[in-house]
Amino acid sequence: MDVVLNILAGFAVALTPQNLMFALMGSFLGTLIGVLPGIGPAAGCALLIPLTARIDPTGSIIMLTALFYGTQYGGTITSVLLNVPGEASSVITCLDGYQMAKQGRPGVALSISAIGSFIGGTLASLALVVVAGPLTRMALEFGPVEFFALMVLGLSLLMGLAGTSMVKALMMGIFGLLLSMVGMDPVRGSPRFTFGQMELMDGIGFVPVIMGLFGLAEILENAEKRFTQVVQSKLSSLIPTRQDVKDSAMPILRGTVLGTLLGLVPGMTNSASSFLSYAMEKKLSKHPEKFGTGAIEGVAGPETANNAHANGALIPLFTLGIPASPTIAVIMGAFMMNGIVPGPFLFKDHPALVWGVIASFFIGNVILLILNLPLIRLWVKVLKIPYSILFGLILAFMIIGVYGLDNSAFDIMTMIVFGVLGYVLRKLDFPLAPVVLTLVLGPLMERSLRTSMEMSQGDFSILWSSPISAGLLIAAAAVLISSALRFLPIGKRIPSGDEEV
């Protein structure tokens with residue numbers, strides 16, 4: 001009963017004209033960013049943070065989360081019409097979506113994608129409503145020791161799944177932790193790693209770093225690419241046939257369950273959900289040979305899974321304070337910029353905000369369903385804008401946004417430095433996700449660790465004295481060890497000295 005009352009109170013907050021406008025703006029901008037190849041949801045959220053910094057916390061979080069799951073809708077449009085995925089999670093949609101477009105059925109592919117995305121996102125949001133209470137009550141039993149162990153587990157999951165090298169992921173995680181330590185010591189109150197720079201007394205700005213690593217680095221990398229800008233297929237009827245609906249029903253249901261469950265796992269990306277959904281549908285199909293030739297199941301399942309994943313990934317953030325992806329980490333940073341720490345106390349200390357944001361997920365998915373189908377022709381026209389002009393406008397917006405936060409030229413220089421650094425790291429195949437997560441979680445981890453050490457008077461055994469913390473740390477170690485084993489040459493014969501290597 002409490003859940004029903006809470007969600008009704010949330011709708012009262014989310015349905016105010018101001019918050020409805022923020023949900024609409026976030027959904028529109030998210031779809032736009034999803035349509036444009038080369039600009040991901042993390043970069044989009046980073047670009048929007050300066051704009052949301054001047055509005056109330058509830059409105060800013062509603063806009064950022066709407067942008068996040070809105071990008072999953074937009075990426076489908078270019079996958080179907082151009083065979084160019086707007087988002088990484090839409091790559092697999094190209095296989096059958098573009099084939100449907102070549103067969104004169106792009107409208108059906110897009111409408112089934114929109115319907116599946118709406119169902120997946122809505123049911124994943126419903127799962128958040130159902131599990132929020134039990135997870136929050138469980139997490140309220142956590143002390144500093146358990147929180148530290150939980151954050152270690154979250155980071156180990158991400159680093160074990162990030163990139164092709166666990167060593168590189170660990171290096172990036174340590175780099176992010178070092179960045180998070182710049183500024184004033186939270187216990188002694190003395191400056192550390194500031195090198196005499198007054199601008200660093202409050203630490204390295206989260207927004208300039210994120211906008212540099214994901215926004216500017218993305219622009220620099222995409223400046224090397226050529227994007228297809230000619231629409232290959234004209235839109236036909238958007239109404240699917242009865243057989244299309246019948247063929248899509250079970251893939252949509254399975255994609256919802258798969259995407260929501262995988263969204264709970266830190267480090268598991270939307271791409272993994274969509275690829276696994278495609279593989280599952282092909283495996284379960286009575287006619288697997290149809291996949292890759294325009295099978296509607298190959299569009300419905302993955303598109304539902306990646307939207308369910310986007311909404312499901314918000315569950316660990318709201319209930320445990322653990323970001324499951326770089327984009328969620330950016331949203332967590334927006335929470336913290338407003339003086340709000342996500343986690344179990346979020347529901348206790350800020351009930352109007354958290355339930356208002358959760359209610360906005362349902363509203364946002366309805367807005368996206370209404371927006372996407374009628375406005376497909378508009379998104380097609382946006383794709384015709386030359387990318388040299390588009391990226392120039394985005395760069396100008398980034399500079400204005402970063403400077404406007406604190407009227408600091410130092411923040412612009414920080415963004416440029418991290419933009420160049422992010423570009424180089426991408427070229428060297430270093431994952432950037434661990435940097436973002438450790439930069440956000442670093443202060444919280446340090447606070448939990450140092451509080452634990454004060455409680456035990458410096459005895460590290462307190463970290464595994466609790467059964468919960470011991471279990472979480474063992475799980476973290478198991479994740480890292482199992483990830484490391486993937487890169488060991490087990491089973492490979494070592495050549496003798498007489499043989500050529």
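1. Basis. This is a predicted model, in which local features need pLDDT of at least 70 and side-chain atom pairs count only at pLDDT 80 or more, while totals for chains, interfaces and linings use all residues. Residues are numbered from 1 along each chain as its sequence is written, and side-chain values use heavy atoms, with hydrogens and water left out.

2. Overall make-up. The chain holds 21 helices and two strands, where helices (H or I, at least four residues) and strands (E, at least two) are DSSP runs numbered from the N terminus. Of its 501 residues, 56% are buried, a term that stands for under 20% relative accessible area, with exposed meaning over 50% and partly exposed in between (1.4 Å probe, protein chains only). The chain exposes about 21500 Å², of which carbon and sulfur atoms supply 68%; these areas come from the Shrake-Rupley method with a 1.4 Å probe. Among contacts (heavy atoms within 4.5 Å) between residues at least 6 apart in sequence, 79% join residues at least 24 apart.

3. Nonpolar cores. A core is taken here as a set of buried Ala, Val, Leu, Ile, Met, Phe, Trp, Tyr and Cys residues joined through side-chain atoms within 4.5 Å. The largest has 104 residues, and Phe318, Phe335 and Ile358 touch the most other members. Helix H16 (residues 351–372) contributes the largest share of this core, twelve residues. Apart from it lies another core of 14 residues, including Val108, Ile252, Val299 and Ala300.

4. Second largest pocket. On a 1 Å grid over the protein atoms alone, a pocket is an open set of points with protein on both sides within 12 Å along at least five of seven lines, a cavity is a set where a 1.4 Å probe fits but cannot get out, and lining residues have an atom within 4 Å of a point. Points are joined across faces, edges and corners, and a volume is the space filled by probe spheres set on them. The second largest pocket holds about 970 Å³, and of its 35 lining residues Asp202, Gly203, Ile204, Gly205 and Phe206 are the closest to its centre. H20 provides the largest share of this lining, six residues.

5. Largest cavity. There are two cavities of 30 Å³ or more, and the largest contains about 80 Å³ of space. Eleven residues line the largest cavity, with Tyr73, Leu110, Ser113, Ala114 and Asn372 the closest to its centre. H6 gives the most to this lining, four residues.

6. Ala127. This residue belongs to helix H6 (residues 106–139) and is partly exposed, with a relative accessible area of 22%. Leaving aside neighbours within four places in sequence, Ala127 is in contact with Thr260 and Ile315. The C-alpha atoms of Ala127 and Thr260 are separated by 8.1 Å, although the two lie 133 residues apart along the chain.

7. Helix H5. Is helix H5 (residues 93–102) largely enclosed or open? Seven of its ten residues are buried, so H5 is largely enclosed by the rest of the structure. The buried residues are Thr93, Cys94, Asp96, Gly97, Tyr98, Met100 and Ala101. Just after H5, Gly104 takes a positive phi of about 85°.
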